[in-house]
Amino acid sequence: MSRAPVVRAIAALAVIATSLYIALTMSPRLGLDLRGGTQLVLETQDSPTVKADAAATDRTLEVLRRRADGLGVADAPLARSGERRIIVELPGVQDPTKAAEVIGKTAQLTFHPVLGAPDPGAETKPGKGEQILPDDRGVPLHIGPAALTGDGVGGAEAGIDAQQGGGWFVTVDFRDQGRAAWAKLTGEAACNEPGDPRRRIAIVLDSKVIVSPQVNEDVGCKVGLPGNTTQITGTFTAEEASELALLIKGGSLPVPVEIVEQRTVGPTLGAAAIQASAWAAVIGIALTALFIIVIYRLVGLLAAIALACYALISYAALVGLGATLTLPGLAGFVLAIGMAVDANVLVFERAREEYAETPNLGGSLEKGFRNAWSAVADSNITTLLAAGLLFFLASGPVRGFGVTLSIGVIASLITAMVITRVLAQWAVRFKAVSARPRMTGLSDIGRVRAWLNIRKPNLMNRRAVYFAITGLLVAASVAGVAVRGLNFGVEFTGGRLVEYSTTTPMSADAARELVSKAGFPNAVVQASGEDISVRTGQITPAEVVQIEKALESEGGQVTKERDELIGPSLGDELRRNALIALGVALAAQLAYLAFRFRWTFGLATVVALVADATIVIGAFAWLGKPVDGVFLASMLTVIGYSVNDKVVVFDRVRELWGARPKSSFAEVVNTSILQTVPRTVNTGLGALFILAALAVLGGDSLTDFAVALLIGIIVGTLSSALVAGPAAIELEKRRPGTAPQPKRKGPAPARQGSGAVL
């Protein structure tokens, strides 16, 4: 007896046990869109003296981490993205204005000698490194170059002077180099007469004089203030003194930073998304399991058990790898459940074909797993290509979708090719099962397959009709883009998107009128029940509050659920990356298919993919739905799924062409399509169950995601038979090639189809 089944069984048990342990002992890392909080994306800028390179950005990141700790967000996730960007996550922080002020402030703290007070009637031209700035009372001061910077400061702490009436001050601690510079600066100032502006020291924060105290009379000329500390006094409130101490203690940023993206999500919104996605997963798994049990009976039941193991393995992998689970990531996790049935369907359909040739359950099942591996591997690799592009070219939560989709694809391979295999091979060894092959679901070809075998419709005779219909759909889609335009989301255009919930529902027209009266007539306002979204250009946090107050006049209590700010440069970059991602996706699929099959197959697939993508984009244009990062995720998933489907067709074409070298290529393509129809339909239905659940339960953003995939899967499934196949025939006419050699010796018997019961 072969040791392979035993090894597979032990491996399956080890994977399941490890996954169960991880799932029970570790908690998932939720993204801010699921647990609530604020995310800032900062971009470092060149300063007159320092270039914003990777090293300067890393130093800036460390300063920002100390500031985040000062905000009370311990272990806040901070990471450098690229050379000049820093992503700061502040879980639980719902006031983005305060967070942005403290985190993003440049805080270039400098200490300057005062050269005098300019005559109001005369024009004073400052020299090199000199400035004229108003002091803390608004009086202009002529200050010299900085004698001491924040690098010489070791720490700072706010305090209160109870003996002097409770005034707040900030104590500044100097490092070694700062000590000497401070003594020299105050010693030179002490050489001037009391009352002379030149006896003052200007302490400047971000080009603003925060205080300009005069050196006490008891300080000697050229002696200065000794010691390690000094006090900054002024008319500080407790909050101002604490914030100033935090900025000084955090240190000066090596280079200035600019906020290019900001996302704030309320905790209730994330909880609702988790609940909706959980229900979608439960309903989708139940419907998919019921479907495959009806179609494949006993082996379908075993595949449903493996599907539950798949969900466990995928979840454990996400948790174990420390991946951040985002809202699109949840969608990817749920969607991958529907796609996990694909490998099982491929194997079972192949086993049915083998049983039709040689009625032996164990042998047919083993051949089904072995001979389906090529199509399973190719189809999953194409999906991984799309997921990889999402990870490298997308940003933010959409990248999480690429991670979860990749994990889902790998987990589906493990469950289908190991766990399902172990269970199915174990089951068919029982005499009660082997004596009743019909109960396994592998012994009959079904009514649809029987009908196709009898009628043998020649679909490829109507190639011109399919091309004409496809051309009309593509033309209608292009017309939709030209006439209606694309409703680019704030991610791709830049601007601000704020979502509110109100206790009193109001119409979109009423909300639009209130926002217009508040001073934003060009804002795009949409309403859905108690939810209102407002999309504007680059507005300030104060203007966001202004809109909120305007809505309160008729909406009752208004709660800000989401606040996203995208800078114009980042919007341009994301839009450019989206186009690059789609282009690279098509090129990658063409290259892979040309390598694995023939260039004609690859080109035919890309032609069909372009038609699929154009139709989905056109549908969104006509429906007026937003085109954003989530839409990009759905488009790349459509490309991956569509190629997945076409790979199975062309894999069968390659096999039949090698087995029937004397048959016409058109006949081979037609037969291959007829034989793969059951697999295509069964896989598509498995994914449609999940997507329908997401569309109904997933909320606005996930609903749009599900709609795009529903359209894409239906169009992609049809285009495999009616566009890719005919296109390959036409290309082979112009550049005919030779049939590949059969994989086994001797004439291969004709396949009897894949035999699904529908």
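Colleague: What share of the 758 residues of the protein chain counts as buried?
Modeller: This is a predicted model. Buried here means under 20% relative accessible area. Of the 758 residues in the protein chain, the buried share is 52%.

Colleague: How many helices and strands does the protein chain have?
Modeller: Both kinds of element are present in the chain. The count is 21 helices and 21 strands.

Colleague: Among contacts between residues at least 6 apart in sequence, what share joins residues at least 24 apart?
Modeller: A contact here means heavy atoms within 4.5 Å. For pairs at least 6 apart in the protein chain, the share joining residues at least 24 apart is 78%.

Colleague: What part of the accessible surface belongs to carbon and sulfur atoms?
Modeller: The accessible surface of the protein chain comes to about 32800 Å². Carbon and sulfur atoms hold 60%.

Colleague: What is the handedness of the link of Cys191 and Cys221?
Modeller: The angle about the S-S bond is 85 degrees. The link of Cys191 and Cys221 is right-handed.

Colleague: How many residues apart are Cys191 and Cys221, and where do they lie?
Modeller: Cys191 is in the loop between helix 5 (176-189) and strand 11 (201-205). Cys221 is in the loop between strand 12 (208-211) and strand 13 (229-236). The pair links distant parts of the chain, 30 residues apart.

Colleague: Is Cys309 buried or exposed?
Modeller: The limit for buried is under 20% relative accessible area. Cys309 has 14%, so Cys309 is buried.

Colleague: What separates the C-alpha atoms of Leu64 and Leu253?
Modeller: Leu64 sits in helix 3 (residues 54-70). Leu64 is buried, with a relative accessible area of 0%. Along the chain, Leu64 and Leu253 are 189 residues apart, yet their C-alpha atoms are separated by 8.0 Å.

Colleague: How far apart in space are Gly150 and Leu253, C-alpha to C-alpha?
Modeller: Gly150 is in the loop between strand 8 (148-149) and strand 9 (153-161). Gly150 counts as buried, at 10% relative accessibility. Gly150 and Leu253 are 103 residues apart in sequence, and in space the distance is 9.1 Å.

Colleague: What separates the C-alpha atoms of Val15 and Thr415?
Modeller: Val15 belongs to helix 1 (residues 4-25). Val15 counts as partly exposed, at 29% relative accessibility. Val15 and Thr415 are 400 residues apart along the chain, and their C-alpha separation is 9.7 Å.

Colleague: What is the volume of the largest cavity?
Modeller: The structure holds five cavities of 30 Å³ or more. The largest cavity has a volume of about 130 Å³.

Colleague: Which helix gives the most to the lining of the largest cavity?
Modeller: The lining has 14 residues, with Leu346, Arg350, Ala375, Val648 and Arg652 nearest the centre of the cavity. Elements giving two or more residues are helix 8 (327-357), helix 9 (361-393), helix 19 (629-659) and helix 20 (665-697). With four residues, the one that gives the most is helix 8.

Colleague: How many charged residues are in the lining of the largest cavity?
Modeller: By class, the lining has four nonpolar and four polar residues. The charged residues number six.

Colleague: What is the phi of Arg297?
Modeller: Most residues other than glycine have a negative phi. Arg297 lies in helix 7 (residues 267-320) and counts as partly exposed at 23% relative accessibility. The phi of Arg297 is positive, near 50 degrees.

Colleague: What is the phi of Lys456?
Modeller: Lys456 is in the loop between helix 12 (446-455) and helix 13 (463-483). Lys456 counts as exposed, at 61% relative accessibility. Lys456 also has a positive phi, near 45 degrees.

Definitions and conventions:
Residues are numbered from 1 along each chain as its sequence is written. This is a predicted model: local features need pLDDT of at least 70, side-chain atom pairs count only at pLDDT 80 or more; totals for chains, interfaces and linings use all residues. Side-chain values use heavy atoms; hydrogens and water are left out. Buried means under 20% relative accessible area, exposed over 50%, partly exposed in between (1.4 Å probe, protein chains only). Accessible areas come from the Shrake-Rupley method with a 1.4 Å probe; for residues, only the protein chains shown count as cover. A disulfide is a pair of cysteine sulfur atoms within 2.5 Å. On a 1 Å grid over the protein atoms alone, a cavity is a set of points where a 1.4 Å probe fits but cannot get out, and a pocket is an open set with protein on both sides within 12 Å along at least five of seven lines; lining residues have an atom within 4 Å of a point. Grid points are joined across faces, edges and corners, and a volume is the space filled by probe spheres set on the points. Ala, Val, Leu, Ile, Met, Phe, Trp, Tyr, Cys and Pro count as nonpolar, Asp, Glu, Lys and Arg as charged, and the others, Gly among them, as polar.
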